[in-house]
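Please look over the sequence and the model below.

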Amino acid sequence: FGNDYTRRPGDTSPVDESSVNSLLTQRLQFRKRGQFDEADGIRDELRDVHGVTVWDREKVWTTDGGGGADFGGGGGGRFDRGGRGGRGGRGGGR
């Protein structure tokens, strides 16, 4: 895939996994280069277009309707941005 993310176990909602993995790979490259606005744009596209939530700390993604294990505990919020100085949540304060 070009990224270390896996789909949350038990998440069986229909989604184009190839597109999701491609976007995750692009997002990871932007993050590695410090291009966080571009990475955030891809995160938003994953959420808005594909219904996918990304858990960066756990390297897991899930669809909004997916089942399986809960990765929500431990503070990162819906979109963990721990790599940016510990700012959790959805990043509203730019």
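## Salt bridges

A salt bridge is a side-chain nitrogen of Lys or Arg within 4 Å of a carboxyl oxygen of Asp or Glu. This is a predicted model: local features need pLDDT of at least 70, side-chain atom pairs count only at pLDDT 80 or more, and totals for chains, interfaces and linings use all residues. Residues are numbered from 1 along each chain as its sequence is written, and side-chain values use heavy atoms, with hydrogens and water left out.

The whole structure has eight salt bridges. Asp40, Arg43, Asp44, Arg47 and Asp48 are linked in a network of them. Within it, Arg47 pairs with Asp48 at 2.8 Å and with Asp44 at 3.5 Å. Asp44 and Arg47 both sit in helix 2, three residues apart, about one turn of the helix. Arg47 is buried (under 20% relative accessible area) at 17%. Asp48 is exposed (over 50%) at 56%.

## A link to strand 1

Glu17 and Arg7 form a salt bridge, N to O 2.8 Å. Glu17 lies in helix 1 and Arg7 in strand 1 (residues 6-7), so the pair ties together parts 10 residues apart in sequence. Helices (H or I, at least four residues) and strands (E, at least two) are DSSP runs, numbered from the N terminus.

## Helix packing

The axes (lines fitted to C-alpha atoms over the stretch in contact, angles from 0 to 180 degrees between N-to-C directions) of helix 1 (residues 17-32) and helix 2 (residues 36-50) come within 7 Å and cross at roughly 160°. The two helices are therefore roughly antiparallel (over 145 degrees).

Notes: Parallel < 35°, antiparallel > 145°, perpendicular 65-115°, else oblique. Buried < 20%, exposed > 50% of the residue type's maximum accessible area, 1.4 Å probe, protein only.
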